[in-house]
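Keep the picture open as you go along.

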Amino acid sequence: MTQKSLQQRIERILPTVTKPGRYVGGELNQVVKPWDSVQTHVALVFPDIYDLGQSNLGMALLYDRLNQHADIAAERAFSPWVDMETAMRNEEIPLFSLENKRPLIDFDIIGVSLPYETLYTNFLNILDLAGIPLYSKARDTHHPLVIAGGQAVFNPEPVAAFVDAFAIGEGEEMVFEIVAAHQSWIASKGSREELLTRLAGIPGVYVPALVAVKYHADGRVQAVESVHPAMKLPVDKRILAKLPSPLNRFLVPNVEVVHERVSVEIMRGCTRGCRFCHAGMVNRPIRERSVDEVLTAIQAGLDQTGYEEVSLLSLSSSDYSEIIPLIEGLKALLIERQVDISLPSLRIESFSEDLMDVLQSLSPGGGFTLAPEAGTERLRKVINKPLSDAELMRTVRSVFQHGWKSLKLYFMIGHPQETLSDIEAIADTCKAVLQEGRQIAGGRAKVHAGVSTFIPKPHTPFQWSAFDDLTAIETKLALLREAFRGTKIKMTWNDPQMSLLEAWLSRGDRRLAPVIESAWRKGARFDAWGDQFRIEPWQAAFAECGLDPDFYSSRERGLNEVLPWDHINAGVRKAFLLDDYQLSLAGEIRPDCRERCYACGILASFNHLRLAQPGGGWKCP
Amino acid sequence: MSLNPQVAAVTRIRVRYAKGNALRFIGHLDLQRLWERLLRRSKLPVRYSQGFHPRARLNLASALPLGFISDEELLDFWLDSPCPLTEIQARLAEAAPPGLKIHTVQQIDPKETALQVQMKASEFTVSFYDPPAATELEQKIAWLLTQEVINKTRRKKTYNLRPLVLDMQVINTLAGERELWMRLLAEPAATGRPDDILEELGFPNTAYLVRRTRVILG
Ligand code: SF4
């Protein structure tokens with residue numbers, strides 16, 4: 001099939017699908033390089049629809065950085081929605097890139113972004129639509145190299161069989177090393193094995209084919225060993241001592257996407273140490289971007305896009321040390337351009353009256369979000385998000401006094417050591433908050449409770465804990481619904497079955513590959529979508545593969561057990577996590593390490609980087 | 001930002017532009033958002049509504065269905081302070097995304113009625129991916145033009161399509177391809193849709209590409 005005819009065939013099916021503008025590219029600031037003008041073609045894939053993937057900042061950054069290189073072209077591909085998938089399969093149209101409308105199989109490297117586990121079936125679907133063999137071992141030198149990165153792959157094992165190499169940690173430098181290794185391998189005319197061993201030599205790259213896993217008879221992992229000298233274990237994640245420059249070319253989608261705003265990362269990492277928080281553990285250390293750099297990036301972003309909103313991204317915006325100067329510095333620009341600001345992730349105890357003053361003046365009318373995560377002081381200590389009831393109510397009062405009318409409170413249920421009285425306390429807290437709001441704002445005060453289910457994630461102090469029992473979760477949700485009945489408090493919650501799937505996939509080992517494949521063959525797709533997700537294909541897939549899903553989700557792991565992800569070093573030592581886990585069992589907290597270092601392992605692993613690039617950004621004391 | 005109270009100082013600008021292939025699958029609402037962002041990028045003193053979420057005041061002549069391209073689209077917007085037309089044109093062209101080409105920019109009497117109200121008719125050409133024989137096309141057109149009533153249902157509403165077709169012909173392009181040309185009524189309450197007509201003639205929407213070539217104001 002010629003390239004021209006593929007393009008025409010795509011155009012002919014587009015009038016039959018919903019929102020065809022997702023599949024055409026052609027946006028302002030898209031980068032299209034003539035196909036033959038570069039040596040290496042990289043397809044950046046986000047395995048969900050355009051509307052979500054195009055808003056992903058990590059992917060946008062890689063796209064921007066790779067395309068700045070004269071010798072590399074990065075193009076984008078996303079999951080087709082179900083109607084488009086059917087149309088493509090009917091017409092035998094392979095998955096194609098948005099820029100040159102090239103089949104994915106023509107690319108040298110496929111870089112897949114896996115920020116969460118419920119994308120795994122979409123990932124397989126993409127490989128299949130592209131005509132690339134699902135299993136790494138079935139690919140040869142003619143196939144593209146399949147690389148995966150993102151937050152989920154800190155436990156790469158469940159998808160290890162499908163991926164040629166994982167990029168663990170921050171990819172901004174690593175991608176160029178991967179491309180360089182690929183280019184020199186091409187020049188050497190080597191075998192596929194030679195490519196993999198070259199990649200294994202890059203710090204942060206994990207090649208699962210060069211690693212063997214042994215199991216105990218009961219299914220627990222016995223040992224994980226390298227089978228090739230090039231593959232050194234553990235694999236230390238990559239970090240950058242200083243945050244790389246922000247996006248300098250902002251692509252502007254023509255069709256509506258989830259986030260239409262200029263997003264700039266102000267800080268990476270978090271030192272609060274909430275024990276349930278995967279992002280907080282795997283993204284250490286804290287590195288801040290300077291106020292000037294953020295301001296310049298926002299100005300450029302607004303000029304290039306014409307967006308009406310700015311978003312400052314980090315795990316805990318109010319912990320950014322220059323937050324007030326930053327917002328003050330932004331004020332004039334925001335007012336002049338009539339632009340809104342959103343500042344997600346404010347910590348209850350760390351944002352000040354001053355911050356509330358400026359935020360309210362810039363963006364009145366909007367809602368305010370706080371995340372106490374648990375209903376009682378006791379449980380908040382267990383999860384290391386200490387906050388007294390009095391402090392919470394003080395903040396709530398202040399929020400309403402500043403003029404906000406609607407407040408959203410986030411809670412998690414299913415925490416370790418949780419009892420039903422902790423759940424009742426969630427309801428009581430929300431009611432007390434609403435009452436407080438009514439005293440200040442009258443009948444217009446609104447409270448919304450967002451409830452999600454705790455998932456014990458790898459590389460966190462709770463990695464040994466079990467996922468709560470599904471019936472227990474249902475009981476807790478029912479209790480909350482009952483408690484809110486007849487009140488004006490609105491409650492929304494995540495599907496506990498979807499959380500259970502996430503627990504299986506995030507805590508799994510290599511034996512899950514056939515389970516994922518089987519669930520996908522049974523039709524599982526878009527598992528992160530409430531209207532598409534079904535648990536049945538997954539249950540059937542586990543049964544078919546002779547594996548017990550509870551083994552992964554519902555079992556407390558032994559403290560001496562080899563965990564399936566132990567050979568990936570996320571920077572925080574296992575001994576530190578264990579220590580922290582034991583503190584939690586004793587109900588003890590470990591305060592923010594900005595004031596005092598607890599030797600989590602980050603400085604021990606990466607101090608050489610810090611010394612090589614001194615500067616104020618890195619915040620370990 | 002407060003609005004300029006002197007109505008006399010408000011300038012109304014009409015843009016004639018083309019919507020090319022790159023924007024073929026961008027629908028009407030998305031096109032409106034695209035124009036709002038384009039105007040913001042242009043940094044022209046565009047007139048905005050008041051309130052927390054100010055929006056540019058825009059007036060598009062006639063919605064172009066998803067999947068169509070166009071040589072001529074019309075849009076009006078308003079400026080709070082005057083600006084030379086050449087500068088407006090240059091700034092719009094610079095801020096335009098791929099697929100949107102600015103043809104002309106002119107100043108309009110602010111008292112003129114809204115563009116949608118002035119709309120009278122649109123002309124379209126239709127090119128076929130697998131061009132049918134000329135005689136087949138001729139016959140279909142002849143049949144359609146001799147009917148008095150052709151009932152068509154769109155979004156559960158039935159309407160008579162025939163009076164919306166003002167004229168229709170087979171044409172040959174310079175490249176030697178056979179195309180269909182049509183002029184359709186485009187009044188606020190009675191707008192002909194080329195895709196409905198083509199469906200009536202037996203062509204599914206995967207068989208052709210529609211291009212609006214002209215909009216006719218009253
Ligand atoms: S090295 Fe010390 S200061 Fe840095 S993140 Fe770890 S515990 Fe915190």
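## Where the two chains meet

A:Glu11 and B:Arg24 form a salt bridge, with their closest N and O atoms 3.1 Å apart. The term salt bridge is used here for a side-chain nitrogen of Lys or Arg within 4 Å of a carboxyl oxygen of Asp or Glu. Between chain A and chain B the count is 7 salt bridges, and the whole structure, over all chains, has 69.

A word on the ground rules: this is a predicted model, in which local features need pLDDT of at least 70 and side-chain atom pairs count only at pLDDT 80 or more, while totals for chains, interfaces and linings use all residues. Residues are numbered from 1 along each chain as its sequence is written, chains are lettered from A and ligands numbered from 1 in the order in which they are written, and side-chain values use heavy atoms, leaving out hydrogens and water.

How many residues does each chain bring to the contact? Chain A brings 28 and chain B brings 26, where contact means heavy atoms within 4.5 Å. The area buried between the two chains is about 2,500 Å², and carbon and sulfur atoms give 51% of that. Buried area is the accessible area (1.4 Å probe) that two parts lose on being put together, summed over both. A:Arg12, A:Asn254 and A:Gln338 supply 28% of what chain A buries against chain B, more than any other three residues.

## Inside chain A

Now for the sheet. Six strands form an open, mixed sheet in chain A, in the order β2-β1-β3-β4-β5-β6. Strands (E, at least two residues) and helices (H or I, at least four) are DSSP runs numbered from the N terminus, and two strands pair if DSSP finds at least two bridges between them. The edge strands, β2 and β6, each pair on one side only.

Strands β3 and β4 of chain A pair in the parallel sense over 5 bridges; A:Ile110 has A:Val146 in β4(A) as its bridge partner.

A:Arg76 in strand β2 of chain A is linked to A:Glu99, which sits in the loop between α4 (82–91) and β3, 23 residues apart.

| Salt bridge | N to O distance |
|---|---|
| A:Glu11 and B:Arg24 | 3.1 Å |
| A:Arg76 and A:Glu99 | 2.7 Å |
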